[in-house]
Amino acid sequence: GCECGYRYRYRRVNYFEGILKPFLDRNPHLKKVIRFMTGVFAERLLFDQDDAVPRLSIKGVQCSRVGDEDGTVFSIRAKHVVLSAGAILTPLLLLASGIGEEGELRKEGIEPRLVGKDNRWCGVGKRLCDHVVTACVFLTLRPTASGNG
């Protein structure tokens, strides 16, 4: 399998090729219960409607098709939902679903589901910063101070 998730057999791969495909190859029975969709954008999480008290009981995802101009939204319900949208989209999805600081959610017109009464959810989306890295490589005609000429 892949140890780091991004390199597999000495070539750069995406998450599916590096982690999920080797995992599913070792567990073929899971291919029947896991559904992968491409070209779909997760809009918000769906909670169990029977919950009297909102809690983290996610029962599905509201989605739209990428590039679909008519704005059609559809729901995907599941017994288990794994939220893995990365460092940037996971907080966005949580906030769009009403999980976060109540004042900020209401300001954006989002109905709060789980709020930070005890500061557990106040930090959703906070301290998020992008670490943009640009590598500059120059060829010099003379040796440089670093000695790597």
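Let me begin with the sheet, which is open and has three strands in the order S3-S4-S5 with antiparallel pairing, where two strands count as paired if DSSP finds at least two bridges between them. Its edge strands are S3 and S5, each of which pairs on one side only, and neighbouring strands of this sheet are turned by 30° against each other on average, direction ignored. S3 and S4 run antiparallel and are joined by seven bridges, and Leu 45 stands opposite Val 61 in S4.

Please keep in mind that this is a predicted model, in which local features need pLDDT of at least 70 and side-chain atom pairs count only at pLDDT 80 or more, while totals for chains, interfaces and linings use all residues. Residues are numbered from 1 along each chain as its sequence is written, and side-chain values use heavy atoms, with hydrogens and water left out.

On confidence, the protein averages a pLDDT (the predictor's confidence in each residue, from 0 to 100) of 78, and 80% of the residues score at least 70. The mean is lowest in strand S1 (residues 7–8), at 54, and highest in S5, at 91. Where pLDDT is low, the predicted coordinates should not be read in detail.

The lining has 32 residues, of which Arg 35, Phe 36, Met 37, Val 82 and Ser 84 lie nearest the pocket's centre.

How values were computed
On a 1 Å grid over the protein atoms alone, a cavity is a set of points where a 1.4 Å probe fits but cannot get out, and a pocket is an open set with protein on both sides within 12 Å along at least five of seven lines; lining residues have an atom within 4 Å of a point. Helices (H or I, at least four residues) and strands (E, at least two) are DSSP runs, numbered from the N terminus. Axes are lines fitted to C-alpha atoms, for helices over the stretch in contact, and angles run from 0 to 180 degrees between N-to-C directions.
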